[in-house]
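This report is meant for someone meeting the structure for the first time. Please look over the sequence and the model before reading on.

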Amino acid sequence: MNADATIDTVGLYCPVPIIRTADRLSKMSPGETLEVLSDDRVILIDMPSWCRSNGHDYLGHRAEGSEMHVYVRKGAGRRGRDA
């Protein structure tokens, strides 16, 4: 999957990858895709939930060894919020 931007959160534990995802998405346009690299398996639970709560699309993940590549498409965000 091609992404418009990538952030590397390998070695960081949730919620830090989610916080960095929110920060990066706030600088992107709706419809753009962000790839998040992580080795914290908790992101597979936290990211879909966070996306639902914040109006973004969780596009899935793929594993590459112990590293996960998680994909998020920026939505319009929650009503009254940008991230």
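Which backbone oxygen lies 2.9 Å from a polar atom of the side chain of asparagine 54? The backbone oxygen of tryptophan 50 does, and this pair is a polar contact, a term used for N or O atoms within 3.5 Å, where within protein one atom must be able to donate a hydrogen and the other to accept it, and where residues adjacent in sequence count only if both atoms are side-chain atoms.

## Basis of the description

The model is predicted, and local features need pLDDT of at least 70, while side-chain atom pairs count only at pLDDT 80 or more and totals for chains, interfaces and linings use all residues. Residues are numbered from 1 along each chain as its sequence is written, and side-chain values use heavy atoms, with hydrogens and water left out.

Helices (H or I, at least four residues) and strands (E, at least two) are DSSP runs, numbered from the N terminus. A residue is called buried under 20% relative accessible area, exposed over 50%, and partly exposed in between, with a 1.4 Å probe and protein chains only.

## The sheet

Four strands form an open sheet with mixed pairing, in the order β1-β2-β4-β3, where two strands pair if DSSP finds at least two bridges between them. The edge strands, each pairing on one side only, are β1 and β3 (57–64). On average, and with direction ignored, neighbouring strands of this sheet are turned by 20° against each other; axes here are lines fitted to C-alpha atoms, for helices over the stretch in contact, and angles run from 0 to 180 degrees between N-to-C directions.

Strand β4 is mostly covered, since five of its seven residues are buried. It pairs with β2 in the antiparallel sense over six bridges, and leucine 37 stands opposite histidine 69 in β4. Strands β3 and β4 also run antiparallel, joined by seven bridges, with aspartate 57 opposite arginine 73 and glutamate 64 opposite glutamate 67. These two strands form a hairpin with two residues between them, and glycine 65 in the turn has a positive phi of about 70°.

## Helix α1 and its covered face

Helix α1 (residues 16–25) has Pro17, Ile18, Thr21, Ala22 and Leu25 as its buried residues. Seen down the axis of α1, these residues fall within an arc of 140°, so they line one face of the helix; the arc is that of the directions from the helix axis to the C-beta atoms.

The helix lies across β1, β2 and β4, and runs at about 155° to β2. Its buried residues are covered by elements including β1 (5–8), β2 (33–38), α2 (43–54) and β4 (67–73).

## The nonpolar core

A nonpolar core is a set of buried Ala, Val, Leu, Ile, Met, Phe, Trp, Tyr and Cys residues joined through side-chain atoms within 4.5 Å. The largest one has 16 residues, of which Leu25, Leu34, Val36, Ile43, Met47, Trp50 and Val70 touch the most other members. At least two residues of this core come from each of β1, α1, β2, α2 and β4, and α2 gives the most, with five.

Valine 36 shows how separate parts of the chain meet: leaving aside its neighbours within four places in sequence, it is in contact (heavy atoms within 4.5 Å) with Ile7, Thr9, Thr21, Ile43, Met47, Met68, His69 and Val70.

## Loops and the end of helix α2

Aspartate 39 is found in the loop between β2 and α2 and is partly exposed, with a relative accessible area of 34%. Leaving aside neighbours within four places in sequence, aspartate 39 is in contact with Thr9, Val10, Gly11, Leu12, Ser66 and Met68, and its side chain reaches the backbone nitrogen of glycine 11 at 2.9 Å. Leucine 12 is 27 residues from aspartate 39 in sequence, while the two are 7.7 Å apart in space, C-alpha to C-alpha.

In the loop between β1 and α1 is proline 15, which a cis peptide bond with omega of about 20° joins to cysteine 14. Most residues other than glycine have a negative phi, and most peptide bonds are trans.

Asparagine 54 is found in helix α2 and counts as buried, at 6% relative accessibility. Glycine 55, in the loop between α2 and β3, is partly exposed, with a relative accessible area of 33%.
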